Amino acid sequence: MMRTPFISGRTVCELTFLGWLAFSLMAPRGFAAQPAGATPNRAPLQANAFNMLPLTSVKPAGWLLRELQIQANGLSGHLDEFWPDVGPASGWLGGTGESWERGPYFLDGLVPLAYLTGDERLIAKVKKWVDWTLENQQPDGWIGPARMTDWWPNYVMLKVLTQYQEATGDPRVIPLMQRYFAFQARHLDERPLQKWAIFRWHDEVLSILWLYNRTGDKSLLDLARRMQHLGHDWEAQFADFRYTGKTVKGEGTLADHGVNNGMAMKAAAVWWLLTGDAKDRQNLYQMLAALDRFHGQPNGIFSADEHYAGLDPSQGTELCAVVEAMFSLETDISILGDPALGDRLEKIAYNALPGTLTADAWGHQYDQQANQVMVSVANRRWSTNGPDSNIFGLEPNYGCCTANMHQGWPKFAAHLWMATPDGGLAVVAYGPSEVSALVANGVPVSIAETTDYPFREGVNLGVKTSQAVKFPLVLRIPGWAAGATVGVNGAALEGVKPGEFYRVEREWHNGDSVELHFPMRVVNSTWYNNSLAVERGPLVFSLTIGESWSHLRQTGPATDWEVFPTTPWNYALVVDPKTAVPSFTVTELPVGHQPFSLEGAPVEIAVKARRLPAWQIEDDSAGPLPVSPVTSKQPVETISLVPYGAAKLRITAFPFTQN
Ligand SMILES: [Zn+2]
């Protein structure tokens, strides 16, 4: 059978209408929480640059809300109905089935998805799981399946519980966490951290600090320090980085493991909250620089299939590493307030994340490739992973991503806006949304962000308030946005600079409007073997390759797909020999129901290219990327590029020719 798994036109209309109807009906009960303030760090913790707002303060809108609704109608909203690992027999529901990380992983995305969409069906699912954990704490304080002894899955469950508490105010959460951390403090010596728990300590420290900020119990800070002491020394790893190439098969360790690194992208910043030492802040940048230099990919993420895999764009990155790196960067921006981290977050969220999911959110890959010319069961040159790692489906390679992928979009939506320490609001990443929060000394305001960003250059912020109120509005100006402008009620403001936060402090009135314009020039960036990637704003563009979707197998409602190319992919971009720049023609198209699909792609870029007949498939991936500049005697053609996330087959790192 050959067909594409994209939602058909008819279904789109039905889903859109039903989704809208359901959403509208549910809004008054499940969705529109009272605005709340952020909880700042208590002394002696360092202050965050921005404080995360309680879950449900930021609600997705526009295409981003549709993305979450598609997810709710896809695997995320149905996985527990047919995938045994999160089914009724889960140990996290009191059963005898899977009793390790998969239940908590699933909930870590399901909780924000349920409360951001206000979908009562999903909220009911959340309650069933969370209630089991809340009602089955052991007398000694242990949580989770009784026979499970690994600390690690509880790190994830604690993140679940903090989100759930923020969304619901459930009074059972905080006492349960107090009892659990007291238990851990008593038993950590006799039951030390093992394996994953050693390398992911920072993810529990986040929850320890969350609780400390709400209770002021200083023994929690001692526990946080013990966790760091017992955990892997990520800062040492990046202060003297030795992992400079692709991991040799069979020699991967937990230190060069992609998902651990995605999670660890928050380690140095979280630790800085306890130390206040500038070298801890700086270590995050050592980490990012090392990953960029030795493993960086044009889609915004580092390669790790399953361990560090080098710069070649035919290497892959595991989906868990993508969503974990996103949550780490959201945490880092909150702590450090660096606008460049927002640029980095958007690059992953708007490229690597959608690029590894099917448009209907029923299938995902384990490993995605920046240059991905065939999706099939085959032995590729991964550092570690198995033959089905790049197919789209239910459980390619291993089921961790099946359970863990759900957090990507919802947590991103929840963290677009944050609170400033002086009673204002900050936009740290852009996307259609509405924030409702308390500003100044407790005045409720909402700001609606109306935009088709990242597909369009304009963003409008509309202020809703019942009274005039003075507060700072802090706006991230992306580093690429030369010529960016900010206006208030039609009047342009001075001093807007790319790569900085721009602060507008004034008395705001109901109906005030802030107009942002971020010029999105097409630029090319340089990658492996001097290849070029084409970027416009936060989006990376890839060659449109004809896709033939081939049904591989069916598991309940979920389909596994292979995808084969039906058009050529071996192109070199033609660049001007004087400027070394290709000439691009940008066409803006309507923003489709699912903008990260070939049918719905809102932007296309036309560029001149010549084919390279010698560049062929090897080991079922694009063969070695020729070192540019290359020569080609093939005729010049015009090729079409679409956003990376829309192209499930693609070339992203192109050779170039000057002839
Ligand atoms: Zn995974």
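I started at Tyr180, which is buried, with a relative accessible area of 0% (buried means under 20% relative accessible area, exposed over 50%, partly exposed in between, with a 1.4 Å probe and protein chains only).

Before going on, a note on the ground rules: this is a predicted model, where local features need pLDDT of at least 70, side-chain atom pairs count only at pLDDT 80 or more, and totals for chains, interfaces and linings use all residues. Residues are numbered from 1 along each chain as its sequence is written, and side-chain values use heavy atoms, with hydrogens and water left out.

**Entry: aromatic pairs**

I looked up the ring pairs and found 39 aromatic pairs in the structure. Rings of Phe, Tyr and Trp (its six-membered ring) pair if their centres lie within 6.5 Å; planes under 30 degrees apart count as stacked, over 60 as edge-to-face and the rest as tilted.

Tyr180 has such a partner in Trp142: the ring centres are 6.1 Å apart and the planes stand at 50 degrees, so I logged the pair as tilted. Trp142 belongs to the loop between helix 5 (120–135) and helix 6 (152–168), while Tyr180 is in helix 7 (residues 173–187), so the pair ties together parts that are 38 residues apart in sequence. Helices (H or I, at least four residues) and strands (E, at least two) are DSSP runs, numbered from the N terminus. Trp142 is also buried, at a relative accessible area of 3%.

Next I checked Trp234 and Phe238, whose ring centres are 6.3 Å apart with planes at 15 degrees, so this pair is stacked. They are 4 residues apart in helix 11 (residues 234–239), a separation of about one helical turn. Both Trp234 and Phe238 are buried.

I also noted a cluster linked by ring pairs, with Trp63, Tyr350, Trp409 and Phe596 among its members.

**Entry: charges over rings**

Here a charge sits over a ring if NZ of Lys or CZ of Arg is within 6 Å of the ring centre and within 35 degrees of the ring normal. The charged end of Lys411 sits over the ring of Phe327, 4.0 Å from its centre. Arg506 has its charged end over the ring of Trp508, 5.0 Å from the centre.

**Entry: His78**

Is His78 buried or exposed? I found it buried, with a relative accessible area of 19%. His78 is in helix 3 (residues 75–78). Leaving aside neighbours within four places in sequence, His78 is in contact (heavy atoms within 4.5 Å) with Ala72, Asn73, Arg121, Lys125 and Trp362.

**Entry: the largest cavity**

My search of the whole structure gave 5 cavities of 30 Å³ or more. On a 1 Å grid over the protein atoms alone, a cavity is a set of points where a 1.4 Å probe fits but cannot get out, and a pocket is an open set with protein on both sides within 12 Å along at least five of seven lines; lining residues have an atom within 4 Å of a point. Grid points are joined across faces, edges and corners, and a volume is the space filled by probe spheres set on the points.

The largest cavity holds about 600 Å³ of space. Of its 28 lining residues, Met52, Glu166, Leu206, Trp210 and Phe327 lie nearest the centre. Helix 9 gives the most to this lining, with 6 residues.

**Entry: the largest pocket**

The largest pocket has a volume of about 400 Å³. Helix 16 supplies the largest share of its lining, 6 residues.
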